[in-house]
Amino acid sequence: MRCRHFLNPILSPLSFAKPPSRPLASRGSTVAPPPAQLRAALAEPDVGISRFANSLPGFSGALKQRYSDFVVHEVARDGTLVRLTSFDLPDERVGAEEEEEEADVDLSHVLESFRLLCGDADCDTLRGFLLRVSEGDSNVLPIILSADADKAHRSEVHDFFKRNFMFLVTDTVEHSDGVQRCIRVRLRPGPGRRRNAGETGVNRKGMGSSGSSGWRDDRPFDSRSSIAWPYHLGKFLRFHLYKENKDTQEALRVIGKMLGLQPKSFGFAGTKDKRAITTQQVHASRLADLNSKLIGIKVGDFDYVKERLVLGQLMGNRFTITLRSVVAESEDLIKAAIDGLIKGGFINYYGLQRFGSASVPNHLIGAALLRGEWESAVNLILDPKEGECDDMNGVREHYEEHGDIDVAIRNFPRRLIAERAILQRLKKYPGNYLQALMAIPRTLRLMYVHSYQSYLWNHAASMRVGKYGTTQVVEGDLVYRKECHFGEGTVTDTSEDADGRTNLSEMDISCETVPEETIQSVKITDSEDLLKAIYKFEDVVLPLPGSETLFPGNEVAGIYHEITKKDGISLTESIHGVKEFSITSMKGGYRRVIQRPIDLEWDLVTYTDDKTPLVETDLDVLSKAESLKANEPLSTGVFSCTSQEDSLHTSGATSLVETKSIGSSDLLPDLLAVKLDFTLPASSYATMAIRELMKTSTSVDHQNSEYIKLLKLQQHASFVNLTS
């Protein structure tokens, strides 16, 4: 923990009034929602966020006043921090000799599998082809495998090549008799490589002369192509993605469009906040020259790996959050609030981001899906939404009034993936709303149902804390069994090293908060457990309902049944046959009620200009290092940003905490910021930690109103200073 600067207690903290809770429900439920144009933006009590872990007073400040005040770094599975440190591509020659023997062994195994699939003759043909490729013949002619009338078997062969030889491309060609089919194999072409002989002299239909063999092997190959992939390298190129004021999917759509790749070509461990600067791991290829073209995005730290990165393959996230325009009665008040967060943690609520920023939150759509109200769910997704720009709501209103699908498809931006998928499917199958919903990418449509699970969990957590407090385990609580294994270790007390930092064992345990991945063994505490004091409150978990989850053995269980009954949803049976949209078809999971920030450090910083960057980003550090290497001064604005606020200062020569300039600014009072660095496991929300610290809502509406109040207070203080 660090604290260098003193705070002048010039203003008292702003009071925090909880926003009133508004009952929301989707169409067809017991309580109908208000019309879209009257539906207010989502507030925390709407999704069950209503309690705090301690009663310490908070303080006022601006969260995410600038997107550069919210910096996120992934923590990889091995515990390392994912940072952008280099734009250099890896040396593809490295590892070639070391892996040659291993590659020979792998190739022998692959060829044996191919022999079993296609026979001796085709195996010998492929072996000779690979030998010519390995000798460096980039213009090696394609090979044609034996005739194969079994379409299912041909598909299996195509899949075999996709899995084992990413530098090869296969397609199907036919004999001149118009009956026989066979598979053709070629080397995947790269930029500037001369086309193979079989790719020239074709007619408009793609067929040339059949030649003496009778096989029409001179038809064009399919359009799939990329650079040749060295055989000794991993099948995937992993890189670190740095983005400013963009969410993960938006950044990948931009990169994919520039590379001609579909979003599914990328893998990532976790999605990140939009209004933030984040660095995370992703996969892709052909990224060498994108940095000069990308706006608000950088890629680097390239590394060839054997396994694809998938969602959930991260240990957590390291946050660097700056709270600006802080107002508190004293420095002691801030210190006490931070100490309370360190020792007692925060209620591990799902933050507002889980439920979406629109006035129709995801959990209401999820509730409609769980009830089988397909048309209602479609309407909730397509209808006008408060908070969207007028132009976008104009498009929604036009469709709502006229039902013109073609006009809507032309005007809905590509970023609205769910809306466009629904409209395109409705155009093909008018009135089939279930089909339309199934057109939404699976991860996105499941998000709606998972959001409803989160909604239930939040309400249950609020009831548990409100009824029994946060100091002890009570009979009937659900806890992880002490003998339960977490990964390779067991649950143990968190230890500290010589520097006072929390060991990674705490992160390993906390990582089990990811709900859908793993169902850990839990038990309901009884009187004997309480007498032996085996469990602490940090062991208490609550379920995300599913077919394999237990409910608490006390009154907290009732909140699940009460809410779902009101919403017309059953936790024990499905009222329709679509398993995807049924709680009973999901395993469910468990989530800790309390989460403590790991390795929390903090500092107080004074500044005079709101545009002053107070945190050094990865790009700042990298730009400074490259400038020193080049021995030339840095230019500001390495890349421009799409938001209206000034782009992030990237000059290493620029002081992070701006000194007062000579002139009228000397008369302005110092502004105060609290800078926090801490780590959270995957699926825990930093905004909920900040909410506990400041005892204030994290909703956009509340933050905006608080910021306006702070500006008025600052302006008043400046006026008093100038006139005194």
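These legends go with an overview and several close-ups of one predicted model.

**Overview: the whole chain.** Residue numbers start from 1 along each chain as its sequence is written, and side-chain values use heavy atoms, with hydrogens and water left out. Because the model is predicted, local features need pLDDT of at least 70 and side-chain atom pairs count only at pLDDT 80 or more, while totals for chains, interfaces and linings use all residues. The chain comes to 18 helices and 19 strands (DSSP runs numbered from the N terminus: H or I of at least four residues for helices, E of at least two for strands). Of its 724 residues, 50% are buried (under 20% relative accessible area, with exposed over 50% and partly exposed in between; 1.4 Å probe, protein chains only). Take the contacts between residues at least 6 apart in sequence: 79% of them join residues at least 24 apart (contact means heavy atoms within 4.5 Å).

**Close-up 1: helix α6 against helix α12.** Residues 362-371 form α6 and residues 442-468 form α12; the two pack at about 105°, axes 7 Å apart (axes are lines fitted to C-alpha atoms over the stretch in contact, and angles run from 0 to 180 degrees between N-to-C directions). That makes the pair roughly perpendicular (65 to 115 degrees; under 35 is roughly parallel, over 145 roughly antiparallel, the rest oblique). On the α6 side, look for Asn362, His363, Ile365, Gly366, Ala367, Leu369 and Leu370; α12 brings Arg445, Met447, Tyr448, Val449, Ser451, Tyr452 and Tyr455.

**Close-up 2: the largest nonpolar core.** This core has 96 residues, and Phe59, Leu323, Ile334 and Leu676 touch the most other members (a nonpolar core is a set of buried Ala, Val, Leu, Ile, Met, Phe, Trp, Tyr and Cys residues joined through side-chain atoms within 4.5 Å). Helix α12 gives the most, with 9 residues. The core lies between domain 1 (52-76 + 317-346 + 600-623 + 669-723) and domain 4 (349-481 + 519-592), since both give residues to it; the domain bounds come from an automatic or database assignment.

**Close-up 3: around Phe59.** Leaving aside neighbours within four places in sequence, Phe59 is in contact with Leu323, Val326, Val327, Ala328, Leu333, Ile334, Ala337, Val674, Leu693 and Met694.

**Close-up 4: Pro545 in its loop.** Pro545 sits in the loop between β15 (540-544) and α15 (557-566), and is buried, at a relative accessible area of 1%. Beyond four places in sequence, Pro545 touches Gln453, Leu456, Phe551, Tyr560, Leu571, Ile583 and Gly588. Tyr560 is 15 residues away from Pro545 in sequence and 8.4 Å away in space, C-alpha to C-alpha.
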